[in-house]
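Subject: Handover of a structure and notes on its features

Dear colleague,

Please find below the structure that I am handing over to you. I would be grateful if you kept it open while reading the notes that come after it.

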Amino acid sequence: MTAGTWALVQYTEPGSGGVRLGVEESGVVRLPPPSLTGATVMDVLADWARWESVLKGIEVESLPEVVGAEPVAPLTYPRKVLCAGVNYFDHAEEMGTEPPDPDAEPFFFLKTPTTTIVGPRATVAIPADPRAGVDWEAELGVVIADTCRDVDPAEARAHIAGYVVANDLSARGQFPRPGAVFPAFAWDWFSHKSQDGFCPIGPGLVPSWLVPDPQALKIRLTVNGEVKQDSSTSAMVAGVDKLVAAASRITTLEPGDLVLTGTPAGVGMPRKDFLKPGDIVSVEIEGLGRIVNEIVARR
């Protein structure tokens with residue numbers, strides 16, 4: 001996270017099972033302003049217009065530090081997680097698909113929110129069978145600020161509360177469905193994308209006014225320290241504004257909804273290079289911070 005940038009985070013403390021709201025800057029978690037004591041990030045998003053002015057006026061250094069804070073997912077939980085597919089030209093090329101048409105309507109699929117979303121340091125359990133082919137996908141996550149429908153792309157930023165780092169984990173081997181009763185059912189998006197823990201996010205929600213240009217952010221993913229993806233959000237086919245507008249034409253967007261914006265080249269599928277227990281996956285986006293998740297075997 002760059003200097004002067006802070007995020008709304010959620011954390012637990014030793015001996016306390018409750019999730020609490022905090023403000024994180026440079027790795028230090030602090031208490032929120034007194035008016036937000038007892039709230040969660042979703043509570044803040046539910047009345048974003050009210051709390052935005054409060055958050056813009058905070059002096060982070062003046063807030064009391066929280067000792068021993070354990071980070072959890074910053075959104076618990078959005079109503080929807082909408083994911084844009086094939087939204088980087090170089091990713092389409094590496095997957096052997098036709099070049100995306102930037103003028104076409106974006107393609108979306110869903111992840112189940114309450115079971116896929118995990119925190120920035122959570123372990124992620126994957127199927128023990130390596131044929132599941134669990135892959136990584138570093139992505140910029142866009143968090144919706146209010147209830148909106150049929151948004152004009154030029155007005156989309158007004159409906160964005162902020163941004164998170166995300167990893168759209170995917171079980172490539174479970175995507176094709178053998179013996180489908182009809183060609184339309186030959187691709188199993190649910191098994192492919194919605195397994196438990198398949199959407200690590202964090203480390204916190206960086207407010208939109210602290211991100212001057214979401215289309216100019218470096219995005220990088222490593223596995224065990226080896227760089228796999230190294231790109232920029234400038235390489236998207238459809239930018240953030242167009243994605244939010246397109247999603248709002250399909251469904252009413254609600255406070256806290258999460259829109260994942262696609263992944264650049266460097267995923268494991270083209271090389272059959274998949275995750276295995278013991279791997280450490282790190283995703284970092286410029287100005288937003290880093291999430292680090294250990295892969296373990298599902299029992």
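The notes below cover the aromatic residues, the backbone and the pockets.

This is a predicted model, in which local features need pLDDT of at least 70 and side-chain atom pairs count only at pLDDT 80 or more, while totals for chains, interfaces and linings use all residues. Residues are numbered from 1 along each chain as its sequence is written, and side-chain values use heavy atoms, with hydrogens and water left out.

Aromatic residues

The structure holds 8 aromatic pairs. Two rings of Phe, Tyr or Trp (its six-membered ring) pair if their centres lie within 6.5 Å; planes under 30 degrees apart count as stacked, over 60 as edge-to-face and the rest as tilted. One of the pairs joins F175 and W189, edge-to-face, with 4.7 Å centre to centre and 70° between the planes. F175 lies in the loop between β12 (170–171) and α5 (189–193), and W189 lies in helix α5, so the pair ties together parts that are 14 residues apart in sequence. Helices (H or I, at least four residues) and strands (E, at least two) are DSSP runs, numbered from the N terminus.

F175 is buried at 17% relative accessibility, whereas W189 is partly exposed at 34%. Here buried means under 20% relative accessible area, exposed over 50%, and partly exposed in between (1.4 Å probe, protein chains only). Both F175 and W189 belong to one aromatic cluster with F107, F109 and W187.

Backbone

Most residues other than glycine have a negative phi, and most peptide bonds are trans. The peptide bond from T76 to Y77 is cis, with omega near -5°, and Y77 is placed in the loop between β4 (70–72) and β5 (81–85). Another cis peptide bond joins G202 and P203, with omega about -15°; P203 is in strand β13 (residues 199–207).

V86, although not a glycine, has a positive phi of about 45°. V86 lies in the loop between β5 and α3 (89–94) and is partly exposed, at 41%. D150 is not a glycine either, and its phi is positive at about 55°. D150 is found in the loop between β10 (138–144) and β11 (160–167) and is exposed, at 52%.

Pockets

A pocket is an open set of points on a 1 Å grid over the protein atoms alone, where a 1.4 Å probe fits, with protein on both sides within 12 Å along at least five of seven lines; lining residues have an atom within 4 Å of a point. Grid points are joined across faces, edges and corners, and a volume is the space filled by probe spheres set on the points.

The largest pocket has a volume of about 430 Å³. Of its 21 lining residues, E24, G27, R121, P203 and R290 are the closest to its centre. The second largest pocket holds about 330 Å³ of space. It is also lined by 21 residues, of which M95, R172, F175, W189 and H192 are the closest to its centre. The largest share of this second lining, 3 residues, comes from α5.

A colleague
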